[in-house]
Every structure is written in structure tokens, then in C-alpha cells.
Amino acid sequence: FTVIAVLAGLALTLRSPRNPEAYNLGAFSQLPTLVNGRIKPLDTVARTSLLTLQGRQTVKVPDGRSLLPAEWLLDVLHRPAYADVYQTFEIVHPDVLALLNLTTQQGGGGKRFSLQQMLKGIPELDRQAKLADGVEAATRSTFQKAIVQLRNAVLLYQHLQISVVPPGTDDFFGQLDRLVLALPKAREMPAAGAPNSNHSSADGKLILELATSFATMEQFGFLHPIPPAANAGPDAWRTVGATWSGTLVNGQVDPSARDYAAIGKAWRERQPAAFNAAVAQHQQRIDSTFPGVHNRARVETRFNSAQPFYSSSILYVLAFLLAMVSWLRWPQALGRAAFQIILIAFAVTTLGIVTRMWLEARPPVTNLYSSALFVGWAAVGLCVILETIF
């Protein structure tokens with residue numbers, strides 16, 4: 001019975017995540033993007049960003065709901081007024097709290113704060129972080145380490161926000177619509193210094209404003225979600241800003257950039273049908289050009305939601321508790337169940353490590369995290385062999 005319950009629990013971890021308000025967030029989560037040298041789904045970007053900001057992957061909003069990572073990322077990208085009040089920055093050092101004029105009573109769980117709460121202290125945070133940058137990392141005080149970590153978290157958040165929409169613009173998608181209409185006229189505009197009609201002057205001002213916005217997005221944007229032509233390498237994936245800048249040069253609107261504009265507009269205006277249609281259209285575009293990339297993104301998204309290493313760690317603890325009880329009562333039944341649960345946990349860990357190797361195309365010992373997983377896996381494997389023999 002215990003083993004059947006464990007297997008049923010593992011099966012539940014493989015179910016697809018919920019889609020609140022009819023938005024197909026599962027499909028959005030699977031959309032690939034280039035980040036830090038690797039093409040990964042937006043789900044991975046959202047989860048790793050949240051881990052960096054607050055050490056966990058869930059977000060509690062002021063109305064008490066819990067957001068999926070994809071929901072949080074969409075709000076960061078397209079509804080910053082909402083995202084800025086979500087308490088997603090972990091601050092535990094008392095001196096950093098004092099620097100930002102914050103108290104634990106103001107934070108979620110006593111340690112999580114929003115960008116809005118920190119806003120007045122950001123200049124001083126940046127100043128202190130620059131001072132800490134001049135100190136060798138190994139010799140920094142705990143305050144300096146906490147300051148640098150928080151500054152980097154704020155920068156990550158800001159670079160995410162600027163990936164698809166430039167800062168300080170309320171009508172960016174409307175500007176894009178007007179740009180698409182103005183492009184044919186722009187190619188017919190007279191040279192500099194020649195007389196312009198009022199309409200041409202308005203188009204020129206719009207293009208100049210957007211050119212500045214696109215350059216900012218290209219320079220600071222964190223995501224590279226726009227795929228290149230077929231058979232191009234991963235380094236050819238572009239930022240949204242660079243893609244729209246190219247549109248100003250060649251007069252051709254990139255369809256993937258238009259997809260992301262449609263996704264953002266639909267999310268901002270709360271239009272589930274338009275959102276799902278835009279996501280599906282972009283999925284089809286990726287499938288037709290990079291089917292292997294999208295397949296990996298699908299697998300990685302499901303891998304993220306299943307959390308095999310977290311599940312296996314719970315099973316190891318359960319097996320340990322059963323083994324302890326077996327020393328007092330029902331030794332054969334509980335001992336056998338504990339060993340069977342360890343075998344299941346070991347299989348889950350093995351599958352997780354193999355999947356991770358396939359997704360990243362790297363051996364299992366590339367960094368401290370993966371090395372810890374591998375060492376733990378090898379230790380359990382050795383103990384399983386010894387238990388079987390003796």
C-alpha cells in the first residue's frame with residue numbers, strides 16, 4: 001500500500017499546471033528563449049529568477065493568491081504596476097533593512113519585500129553596492145555580501161522588465177501599431193532638410209522615439225526570445241529590441257516580434273482568447289523552424305513542474321522514518337517498504353539527472369549544484385548495492 005501511494009503521488013507531480021482565467025500559461029511557459037548562453041523555456045527563466053530574488057518559486061500577491069512562475073513573469077514584463085508591489089525580494093540582514101528603512105513587520109513572512117517598498121532606498125543601495133564591489137569577494141562582510149546580492153537581484157528584475165517593453169511607456173503596443181502603418185510612408189519620406197507634411201513629421205517623431213526605446217531594450221534586455229532563420233546557431237537568437245531596430249532599418253516586421261507584441265497586449269488588456277491565439281501562433285512558428293528546440297522546451301517545462309529532486313528528497317526522508325519505526329515495530333514489513341521507497345527515490349533521481357544532462361548537453365558535474373546531486377545519487381546507489389548483498 002505504501003509503495004502504491006508513493007507511485008500515485010509521483011504521478012500527480014507530472015500533471016499539467018492549472019490555467020487560471022482561461023489563459024494557456026502552460027503553452028506560454030514552453031516558449032523558448034536564449035538566456036546566459038543556453039536556449040531554455042520561459043518557465044525555467046521565471047523559476048530561476050524567482051529563486052535568485054527570493055529563494056523560492058511561488059509568489060504570494062496582496063489578494064492572497066499564489067501565482068505560477070509564468071504568471072509572475074508576464075506581470076513583470078507587461079504589468080509592472082502590479083509586479084512592483086509583489087513581495088519577491090528576500091532581505092534578512094538587519095543592516096540592509098535599516099538602510100532601506102524597512103522592518104520585518106512590513107515584509108511577507110518577515111523577510112520578503114516589494115520593489116515599491118524599496119524604491120526610495122535604491123540609490124543608497126546602489127552606492128553601498130559599488131563600495132562593496134571594490135572589496136575582494138572573499139573578504140567582504142556579511143553586510144557587503146547581502147548588499148551586492150540584493151543589488152544584483154534588483155538589476156535582474158529591471159533587466160527582465162525591459163526585455164519586451166521599454167520603461168516609462170504606457171502605450172507601447174499602440175506605438176508599434178502606428179509604426180507598422182508608418183513604415184511604408186517612412187521609406188517615401190523626403191531627405192533631411194526637405195519640406196515635410198505634418199503627417200510625415202509625426203511619423204518621423206514616432207520612429208525617432210521608438211528607435212531610442214528599441215536601443216534601450218537591446219542594450220539592457222535580459223531575454224533573447226526571437227529565433228533566427230533556420231539552421232542558425234543559438235547565438236543568433238535576438239532581443240526584442242534588436243529585432244524592432246532591424247525593422248526600422250529594413251522596413252520588414254519580424255513575425256516573432258509581432259507575436260510577442262500580441263501576447264503582451266493581450267495579457268495587459270486581459271484578453272485570454274487573443275493571448276492563447278498569439279501564443280499558439282508563435283508555438284507553430286517555432287515548431288516549423290526549430291522543432292528540436294521546442295521539444296526540449298516542452299520536456300524542460302514538465303521537468304520543472306515535476307521537481308524530481310525535491311520529490312526524491314521527500315521520499316528519502318519518508319524511507320528514513322519508516323526504517324526508524326521498523327527498529328521498534330513490524331521490522332520486516334516496514335523495513336521492506338523503506339527499501340522499496342529508496343529504490344523508487346533512486347530511480348526518480350536517476351531519471352532527473354539523465355534528463356538534466358540531456359537538456360543542458362553537459363556532464364552531471366559541471367557546477368556545485370549538479371556535483372552535489374551526483375554525489376548524493378552515487379552514495380545512495382552504493383548503499384542500495386550493500387543493502388542488497390548484506
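This is a predicted model: local features need pLDDT of at least 70, side-chain atom pairs count only at pLDDT 80 or more; totals for chains, interfaces and linings use all residues.
## Pro 291 and its helix

Pro 291 lies in helix H15, which runs over residues 291–306. The relative accessible area of Pro 291 is 42%, so this residue is partly exposed, since buried means under 20% and exposed means over 50%.

Arg 65 stands well apart from Pro 291 in the chain: 226 residues separate the two in sequence. In space, their C-alpha atoms are 35 Å apart.

## H15 against H17

Two packed helices are described by the angle between their axes and the distance between the axes. Helix H17 covers residues 331–360. The axes of H15 and H17 come within 11 Å. They cross at roughly 145 degrees, and the crossing is left-handed.

H15 contributes Arg 296, Val 299, Glu 300 and Phe 303 to the contact. From H17 come Gly 352, Thr 355, Arg 356, Trp 358 and Leu 359. By class, the contact holds four nonpolar, two polar and three charged residues.

Helix H8 spans residues 122–133. Its 12 residues, at 1.5 Å a residue, should span 16 Å; the end C-alpha atoms are 16 Å apart, so the two values agree.

Which residues of H8 are buried? They are Ile 122, Leu 125, Gln 128, Ala 129 and Ala 132. These residues cover an arc of only 125 degrees around the axis, so they sit on the same side of H8. On the other side, Pro 123, Lys 130 and Leu 131 are exposed.

The cover over the buried residues of H8 includes helix H6 (94–99), helix H7 (115–118) and helix H9 (142–161).

Key:
Residues are numbered from 1 along each chain as its sequence is written. Side-chain values use heavy atoms; hydrogens and water are left out. Helices (H or I, at least four residues) and strands (E, at least two) are DSSP runs, numbered from the N terminus. Buried means under 20% relative accessible area, exposed over 50%, partly exposed in between (1.4 Å probe, protein chains only). Axes are lines fitted to C-alpha atoms, for helices over the stretch in contact, and angles run from 0 to 180 degrees between N-to-C directions. A crossing is left-handed if the near helix is turned anticlockwise from the far one by less than a right angle, and right-handed if clockwise. Contact means heavy atoms within 4.5 Å. Ala, Val, Leu, Ile, Met, Phe, Trp, Tyr, Cys and Pro count as nonpolar, Asp, Glu, Lys and Arg as charged, and the others, Gly among them, as polar. The expected span of a helix is 1.5 Å times one less than its number of residues. The arc is that of the directions from the helix axis to the C-beta atoms.
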